[in-house]
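The following note sets out several points on the model shown below. Please read each point alongside the coordinates.

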Amino acid sequence: MARVFLCVMDSVGIGGAPDAGRFFNGDVPDTGANTVGHIARACARGMAEEGRSGPLRVPHLEALGLGAAVRLASGAEAPGLEAEPRGLWGAATEVSPGKDTPSGHWELAGVPVPWDWHYFPDTTPAFPEDLVAEVCRLAGTEDILGNRHASGTAIIRELGETHLRTGRPICYTSADSVFQIAAHEQSFGLQRLLDLCWSLAPVLHDMKVGRVIARPFVGARPADFERTTNRRDFAIAPPAPTLCDRVRSAGRPVHAIGKIGDIFSMQGIDDVVKGSDAELMRHLARAVDMAGEGSLTFANFVEFDSLYGHRRDVSGYARALETFDRGIGEILPKLGPGDMMILTADHGNDPTWTGTDHTRERVPVLVAGQGAGELGLMPFTGVAGLAAAHLGVRM
């Protein structure tokens, strides 16, 4: 019986979204953003030389059709990615009214978002007084810190010492529909932070805020402060059965790797493993070795986005692509005769772009194990369609 391995390369967009002009970084529309295309161009021009050098080298993704997908999606060339595809390849277009993680993943799993997300204004304070009061009540504190749009790493460096002294949680948001709470794992307590976010999540979900994110950190002073891998996303549940639900309802196992369990609120998922992207690649390799017949393994590799896209680090993003390519290159030969591996993305995050937010882009759809050919342009939901058809379940 067939198996499917659906891997989301978080934020690895390929440009060309027809509605990019409706989405912004600050006051600049996303028109022309192209994560892979611009990284490849920067590498070819010698502008991404930190920790790596020369043209972008992703031979396994290139062989599956990444360069061809960039050209299909946006009409742009990706220097160094000119090989003739040896896999099935195409590009997917999102219709959900957001360029965020839940919107992209839900739609890839067959369920476009039917509502507009709530976003907090880029003001100080950013949060309404009644929401702040509820955070304080649940946390047992007199006030919160932050209360504005911020980079997570920057606000921890700025307010971490005050947090250690006062015990007040650091609350912030971004251009995404999120409410994030940073707190020290030891002084505030990891479980206390997770309980706070869990208790607060229904209030934010009623407001149509997509996620409440726990952001634990460690360290004694700004130079030492570091976020840990114990991040937890408390996401609003999908509004309809997803690919995960359909596969599980058919009596097949659904395995999650990375933050998939959080994104789908564990709905339709049997088990989950987490870790750094390097650890997740090892989990994916084990899944290819061990996952049962008829199973769906759904993985998210987040560090392209979280470590490099938002920080506009072109060299770092290029390194991450090359590292991922090496890892996936070791796994592809292990696929069985009936296996399908789909490599795709949920949105863009062009590290050459202005601002720090995601970018509205089409995404690659690269399929290994099922021959070669062009899939063409498709909706995000077409990814769920490919997986469901291969597994013999209805969407």
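How many salt bridges does the structure hold? The structure holds 18 salt bridges, a salt bridge being a side-chain nitrogen of Lys or Arg within 4 Å of a carboxyl oxygen of Asp or Glu.

1. Basis of the note. This is a predicted model, in which local features need pLDDT of at least 70 and side-chain atom pairs count only at pLDDT 80 or more, whereas totals for chains, interfaces and linings use all residues. Residues are numbered from 1 along each chain as its sequence is written, and side-chain values use heavy atoms, with hydrogens and water left out.

2. Arg3 and Asp339 pair through their side chains, with an N to O distance of 2.7 Å. Arg3 belongs to strand β1 (residues 3-9) and Asp339 to strand β14 (residues 339-344), and the two are 336 residues apart. Helices (H or I, at least four residues) and strands (E, at least two) are DSSP runs, numbered from the N terminus. Arg3 is buried at 9% relative accessibility, and Asp339 is buried at 3%. Here buried means under 20% relative accessible area, exposed over 50%, and partly exposed in between (1.4 Å probe, protein chains only).

3. Further salt bridges. Arg52 and Glu322 form a salt bridge whose closest N and O atoms are 2.9 Å apart. This pair, 270 residues apart, links the loop between α1 and α2 (59-64), where Arg52 lies, to helix α12, which holds Glu322. Arg52 is buried at 8%, and Glu322 is likewise buried at 8% relative accessibility. A salt bridge also joins Lys274 and Asp262, again with 2.9 Å between the closest N and O atoms. Lys274 is in the loop between β12 (271-273) and α10 (277-290) and Asp262 is in helix α9 (residues 260-263), so this pair ties together parts 12 residues apart in sequence. Lys274 is partly exposed at 34%, whereas Asp262 is buried at 8%.

4. Packing of α1 and α12. The axes of helix α1 (residues 35-44) and helix α12 (residues 314-331) come within 10 Å and cross at roughly 105 degrees. Axes are lines fitted to C-alpha atoms, for helices over the stretch in contact, and angles run from 0 to 180 degrees between N-to-C directions. The two helices are therefore roughly perpendicular, a term covering 65 to 115 degrees. Thr35, Ile39, Ala42 and Cys43 of α1 meet Val314, Tyr317, Ala318 and Leu321 of α12, where contact means heavy atoms within 4.5 Å. These residues comprise 7 nonpolar, 1 polar and no charged.

5. Annotated site. An unreviewed UniProt entry annotates Asp10, Asp346 and His347 as "binding site"; such annotations may be inferred rather than shown by experiment. The three residues span 338 residues in sequence, yet no two of their C-alpha atoms are more than 7.2 Å apart, so they gather at one spot. Asp10 lies in the loop between β1 and β2 (24-25) and is buried at 0%. His347 lies in the loop between β14 and β15 (363-368) and is buried at 1% relative accessibility. Beyond four places in sequence, the contacts of Asp10 include Lys259, Asp305, Asp346 and His347, and those of His347 include Asp10, Lys99, Asp305 and His358.

Notes: Angles under 35 degrees count as roughly parallel, over 145 as roughly antiparallel, 65 to 115 as roughly perpendicular and the rest as oblique. Ala, Val, Leu, Ile, Met, Phe, Trp, Tyr, Cys and Pro count as nonpolar, Asp, Glu, Lys and Arg as charged, and the others, Gly among them, as polar.
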